[in-house]
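Open your viewer and have the selection panel ready. We will take a short walk, one stop at a time.

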Amino acid sequence: MKSVLSILVVASICIAAAGPVLAASSMSAPTESTASASALSQVAATEGEVRKVELSTQKVTLKHGDIKNLGMPGMTMVFKVTDPKMLSNIKEGDKVRFTADRIDGALTVTSIEDLSN
Ligand SMILES: [Cu+2]
């Protein structure tokens, strides 16, 4: 009977020891997502060329190089923009450097810099 008791004591010590470890590992998850969120705001810029600017629909067609944060190879495609003012500084044929992200499921240009000026 005495040995059963000591096994129970050992088991509860193990649970107590595992407790902080579990707490620490569950705490690391929010830390990781915070890290990726800050990484999103520092995504590498991609170079491209403006093919079409649509002020009415707030969209821009860009021929772009690899977009690493989106895992996208170079192509020509339409993006939304986070701010329509971004479209007033660019025109067809401009060489640009931009960052893009998936916002509410839509591929969106989050910043754009005209390299032609
Ligand atoms: Cu693309």
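The protein has one helix and five strands; both are DSSP runs numbered from the N terminus, helices being H or I of at least four residues and strands E of at least two. This is a predicted model, where local features need pLDDT of at least 70 and side-chain atom pairs count only at pLDDT 80 or more, while totals for chains, interfaces and linings use all residues. Residues are numbered from 1 along each chain as its sequence is written.

Colour by secondary structure and follow the chain from the N terminus: the order of elements is α-β-β-β-β-β.

Select strand 4 and strand 5 next. They run antiparallel and are joined by eight bridges.

Then move to strand 3 and strand 5, which pair in the parallel sense over two bridges. Here Val-81 stands opposite Val-109 of strand 5.

**The core**

Which residues touch the most other members of the largest nonpolar core? Select Val-60, Phe-79, Phe-98, Val-109 and Ile-112, out of 13 residues in that core. The elements giving two or more residues to this core are strand 2 (59-64), strand 3 (75-81), strand 4 (95-103) and strand 5 (106-114). Strand 4 gives the most, with three residues. A nonpolar core is a set of buried Ala, Val, Leu, Ile, Met, Phe, Trp, Tyr and Cys residues joined through C-beta atoms within 7 Å. Buried means 20 or more other C-beta atoms within 10 Å of the residue's own, exposed 12 or fewer, and partly exposed in between, with C-beta atoms placed from the backbone.

For a last stop, centre on Phe-79. Beyond its neighbours within four places in sequence, Phe-79 is in contact (C-beta atoms, placed from the backbone, within 7 Å) with Lys-59, Val-60, Leu-62, Ala-100, Leu-107, Thr-108 and Val-109.

Note on methods
Two residues are in contact if their C-beta atoms, placed from the backbone, lie within 7 Å. Two strands pair if DSSP finds at least two bridges between them.
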